[in-house]
Amino acid sequence: MNKKLYSEWIEIADGDYDLAKRVFDCQWPKQNIRICFHCQQAAEKYLKGYLVYHNEEIVRTHILNELIDLCMKYDDGFEALRDMCTYLTPFAVQVRYPDHTFEIAEIEAKRSLDYVRIIIDFVSEKMKDKQ
């Protein structure tokens, strides 16, 4: 178990989530693309933090379901997050460059925030007794 490295992953993930939430709550025009990107990043880092805690070597991927598969080695309950991870995964790369081909509405940004909050709460609950 690497509690220190786990904590570092979670601290960065919490920063991504906090940033996404603050941008969503701003009165100026919503930056839906950035909100969704940071939600995906927070989910990715929470899952990677969970894996680090279990001494897994971190794979370089932004595909959240690959991380779910690895997390399921320790807890089958991670399957419940699969659809949310499928939704969030495209926001890792596709929205970062000017050639992305889709618009992101405010409702999608809100859904991203809701999903990542569920993922954060789920992983946090799994780790609560291990802290």
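The buried residues of helix α3 are covered by elements that include α2 (32–53) and α4 (82–88). The model is a predicted one, in which local features need pLDDT of at least 70 and side-chain atom pairs count only at pLDDT 80 or more, while totals for chains, interfaces and linings use all residues. Residues are numbered from 1 along each chain as its sequence is written, and side-chain values use heavy atoms, with hydrogens and water left out. Helices are DSSP runs (H or I, at least four residues), numbered from the N terminus.

Helix α3 spans residues 64–71, and its buried residues are Leu64, Asn65, Leu67, Ile68 and Cys71. Viewed down the axis of α3, these buried residues fall within an arc of 155°, so they line one face of the helix. The arc is taken from the directions from the helix axis to the C-beta atoms, and buried means under 20% relative accessible area, computed with a 1.4 Å probe on protein chains only.

Leaving aside neighbours within four places in sequence, Leu47 is in contact (heavy atoms within 4.5 Å) with Leu64, Leu67, Ile68, Cys71, Phe78, Cys85 and Val123. Leu47 is also among the residues with the most contacts inside the largest nonpolar core, together with Ile35, Phe78, Leu81, Leu88, Ile119 and Val123; this core has 38 residues. Helices α1, α2, α3, α4 and α5 (106–128) each supply at least two residues of the core, and α2 gives the most to it, with 11 residues. A nonpolar core is here a set of buried Ala, Val, Leu, Ile, Met, Phe, Trp, Tyr and Cys residues joined through side-chain atoms within 4.5 Å.

Gln40 lies in helix α2 and counts as buried because its relative accessibility is 0%. Beyond its neighbours within four places in sequence, Gln40 is in contact with His62, Leu64, Leu88, Thr89, Phe91 and Ala92. The side chain of Gln40 makes a polar contact with that of Gln41 at 2.8 Å; such a contact is a pair of N or O atoms within 3.5 Å, of which, within protein, one must be able to donate a hydrogen and the other to accept it, and residues adjacent in sequence count only if both atoms are side-chain atoms. Thr61, in the loop between α2 and α3, is buried with a relative accessible area of 8%.

Rings of Phe, Tyr and Trp (its six-membered ring) pair if their centres lie within 6.5 Å, with planes under 30 degrees apart counted as stacked, over 60 as edge-to-face and the rest as tilted. By this rule there are six aromatic pairs. The ring centres of Tyr6 and Tyr53 are 5.4 Å apart and their planes stand at 75°, so this pair is edge-to-face. It links distant parts of the chain, with Tyr6 in helix α1 (residues 3–25) and Tyr53 in helix α2, 47 residues apart. Tyr50 and Phe78 form a tilted pair, 4.6 Å centre to centre with 50° between the planes. Here Tyr50 of helix α2 is joined to Phe78 in the loop between α3 and α4, 28 residues apart. Tyr50 is buried at 2% relative accessibility, and Phe78 at 0%. Ring pairs link Tyr50, Tyr74, Phe78 and Phe122 into a cluster.

Definitions and conventions
Buried means under 20% relative accessible area, exposed over 50%, partly exposed in between (1.4 Å probe, protein chains only).
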